[in-house]
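Open your viewer and have the selection tool ready. Here is a short tour, one stop at a time.

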Amino acid sequence: MLDITSLTMEYDKSIDYAEIFRSSSLYRENTELVRELRKIRPNSEDLHFASEYWQNFGSQCSACLWKLHKSYWKNPEFNVIYFVTTVGTSILFGIVFWKIGSNITSEQDIFNILGVMYASALFQGFVNAILMQPLVWMERTVLYRERSAGMYTSMAYTIAQVAVEIPYVILQVSIQ
């Protein structure tokens with residue numbers, strides 16, 4: 001169908017399908033139907049919906065949370081990689097900064113300990129952000145489709161996305 005209606009094929013066959021459609025009775029009937037349906041009928045009221053979305057905000061959040069939880073659960077590769085990188089990062093930082101806080105004699109030693117804690121948390125945050133990219137890439141199309149259908153707001157999806165990550169982050173922190 002696409003080969004036949006391409007501009008190249010139309011040019012080769014000297015056929016303009018758009019012009020054929022514009023001169024057809026189907027085009028005239030459709031145009032007349034659109035004109036008829038656009039007219040405002042007497043004593044008719046404008047359509048009014050209480051909300052743009054199908055349910056209240058709490059229900060939207062819980063629906064998004066349920067959906068994202070199922071999405072995470074059905075992706076064991078992501079979960080394994082998530083925790084393998086956590087364990088690997090913990091071992092790496094443990095080896096590099098072995099016994100850094102065993103001898104605290106000055107204020108600088110405390111700053112070093114805090115720096116290590118900050119660096120490990122920051123590094124793990126960056127790793128998590130990088131690991132999330134494929135998952136976000138897959139979910140983005142679904143988000144756009146379902147948001148445009150009026151299923152939920154972007155805020156409900158964002159809150160659910162953060163909430164579904166909380167157990168993973170708590171487990172990740174306890175491993176570290």
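**First stop: a helix pair**

Select residues 107–148, helix α6, and residues 154–175, helix α7: the two pack at an angle of about 150 degrees, with their axes 12 Å apart. That angle makes α6 roughly antiparallel to α7, a term for angles over 145 degrees. Axes here are lines fitted to C-alpha atoms over the stretch in contact, with angles running from 0 to 180 degrees between N-to-C directions. Helices are DSSP runs (H or I, at least four residues), numbered from the N terminus.

A note on the source: this is a predicted model, where local features need pLDDT of at least 70 and side-chain atom pairs count only at pLDDT 80 or more, while totals for chains, interfaces and linings use all residues. Residues are numbered from 1 along each chain as its sequence is written, and side-chain values use heavy atoms, leaving out hydrogens and water.

Now show side chains: on the α6 side pick Q124, N128, M132, E139, L143 and R147, which meet S154, Y157, Q161, E165 and Q172 of α7 (contact means heavy atoms within 4.5 Å). Colour them by type and you get three nonpolar, five polar and three charged residues.

Next, select C61 and C64.

Finally, switch to a surface view. C61 is buried at 13% relative accessible area, and C64 is buried too, at 0% (buried means under 20%, with a 1.4 Å probe and protein chains only).

Terms used:
Buried means under 20% relative accessible area, exposed over 50%, partly exposed in between (1.4 Å probe, protein chains only). Angles under 35 degrees count as roughly parallel, over 145 as roughly antiparallel, 65 to 115 as roughly perpendicular and the rest as oblique. Ala, Val, Leu, Ile, Met, Phe, Trp, Tyr, Cys and Pro count as nonpolar, Asp, Glu, Lys and Arg as charged, and the others, Gly among them, as polar.
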